[in-house]
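Here's a quick briefing to read with the model open beside you.

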Amino acid sequence: DLRHRLIFALVRVAAGVGIATYYIYQIVSFLPPPLRVAVAQASYPTSFVYSAMARPVIAYLNLAVIAGIVIASPWVIYQLWQFIAAGLYHRERSIVYKFIGPSIFLFLVGVAFFFFLVLPITLRFFIGFADETSASAPQLWPTEALIYKHEPAATTGPASAGPLTVPALGADPTTAPAGAAEIWFNTAENRLKMRVGQRVMTLMVSHEGSLFTPLPSLDEYLSFVSFLGLLFGLAFETPMVLMILAKIGIVSPKGFVKARKYA
């Protein structure tokens with residue numbers, strides 16, 4: 001029976017992965033906005049980085065597997081329950097049947113609570129914390145200056161040359177000059193941008209005096225979101241699990257009263 005249940009569950013998981021693969025671009029467009037908004041408010045680039053050529057493809061495939069498991073999870077849980085229910089008394093099964101609907105609802109509420117409320121706050125905290133770390137300009141130790149006889153680099157160019165001045169605009173210009181590149185600072189997004197032809201690029205920036213620059217990768221972000229989303233979903237299940245255990249008789253209200261002060 002266990003073998004048949006596992007086969008039935010894996011078939012549905014494979015179907016779920018197929019569905020998730022077909023809609024992978026829509027899924028990817030739904031998950032990253034909280035991070036992209038957080039880094040945009042800190043004036044950092046909103047695109048993900050990768051160090052291996054196949055990393056974006058692998059990240060998409062991993063996301064398709066995770067999403068496929070989520071899609072097939074009701075069927076997988078049903079198969080697991082059918083296997084477990086065979087070993088329970090009728091009273092125990094009726095208790096679980098009574099609470100299984102609210103349990104699923106609480107799990108989804110926990111995941112939604114994390115994604116729509118906790119995740120944006122968490123991302124802003126982490127990025128803000130990294131942005132507030134102070135780092136002075138690197139300086140040579142006196143011994144290094146003595147050994148290498150460090151001298152200031154000679155400046156090149158005319159003595160009257162000053163800093164480059166770029167226009168500060170409230171929005172990106174809608175027209176592009178033919179045969180030329182243009183550069184501007186978007187004051188609404190706090191970004192330095194450049195357009196070549198019809199392609200707009202955000203120039204890589206790092207905050208002066210900050211020790212860190214956030215350069216997240218898609219797979220790291222998905223792992224972070226998946227783990228904490230599952231954790232919050234399970235945490236929201238705690239009251240229902242305790243009620244089921246109390247109904248079955250494994251725990252008692254008197255035991256909780258005694259342990260209240262320790263909790």
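Let's start with two helices: α4 and α7 pack at an angle of about 20°, their axes 9 Å apart. Keep in mind that this is a predicted model, where local features need pLDDT of at least 70, side-chain atom pairs count only at pLDDT 80 or more, and totals for chains, interfaces and linings use all residues. Residues are numbered from 1 along each chain as its sequence is written, and side-chain values use heavy atoms, with hydrogens and water left out. Helices (H or I, at least four residues) and strands (E, at least two) are DSSP runs, numbered from the N terminus.

**Helix α4 against α7**

- Two packed helices are described by the angle between their axes and the distance between the axes. Axes here are lines fitted to C-alpha atoms, for helices over the stretch in contact, and angles run from 0 to 180 degrees between N-to-C directions.
- α4 and α7 therefore count as roughly parallel to each other. The cut-offs are under 35 degrees for roughly parallel, over 145 for roughly antiparallel, 65 to 115 for roughly perpendicular, and oblique for the rest.
- α4 passes α7 in a left-handed crossing; that label applies if the near helix is turned anticlockwise from the far one by less than a right angle, and right-handed if clockwise.
- On the α4 side, the contact (heavy atoms within 4.5 Å) is made by Arg55, Ala59, Tyr60, Leu63 and Ile66, and they meet Leu218, Asp219, Leu222 and Ser226 of α7.
- Sorted by class, that α4–α7 contact has 6 nonpolar, 1 polar and 2 charged residues. Ala, Val, Leu, Ile, Met, Phe, Trp, Tyr, Cys and Pro count as nonpolar, Asp, Glu, Lys and Arg as charged, and the others, Gly among them, as polar.

**Helix α5 against α7**

- α5 (residues 90-131) also packs on α7 (residues 218-235): the axes come within 8 Å and cross at roughly 135°. That makes α5 oblique to α7.
- This crossing of α5 and α7 is right-handed.
- The residues of the α5–α7 contact divide into 16 nonpolar, 4 polar and no charged.

**The sheet**

- An open sheet of 4 strands runs in the order β1-β2-β3-β4, with mixed pairing. β1 (168-169) and β4 stand at the edges with a single partner strand each, so one side of each has no neighbour in the sheet.
- Strands pair if DSSP finds at least two bridges between them. β1 and β2 do it in the parallel sense over 2 bridges, with Ala168 opposite Phe185 in β2.
- β2 (residues 181-186) and β3 run antiparallel, joined by 6 bridges. Asn186 sits opposite Arg191 in β3, and Ala181 has Val196 of β3 as its bridge partner.
- β3 and β4 are antiparallel too, with 4 bridges, and Val196 stands opposite Arg199 in β4.
- Check the turns: the β2–β3 hairpin has 4 residues between the strands, and Asn190 takes a positive phi near 55° there. The β3–β4 hairpin has 2 residues between the strands, and Gly197 takes a positive phi near 70°.
- β3 has a covered face of Arg191, Lys193 and Arg195, and an uncovered one of Leu192, Met194 and Val196.

- Gln79 is in helix α4 (residues 55-85). Its relative accessibility is 3%, so Gln79 counts as buried (buried is under 20% relative accessible area, exposed over 50%, partly exposed in between, with a 1.4 Å probe and protein chains only).
- Leaving aside neighbours within four places in sequence, Gln79 touches Arg5, Phe8 and Ala9.
- Gln198 is in the loop between β3 (191-196) and β4 (199-202), and at 71% relative accessibility Gln198 counts as exposed.
- The C-alpha atoms of Gln198 and Pro177 are separated by 9.4 Å, with the two residues 21 apart along the chain.
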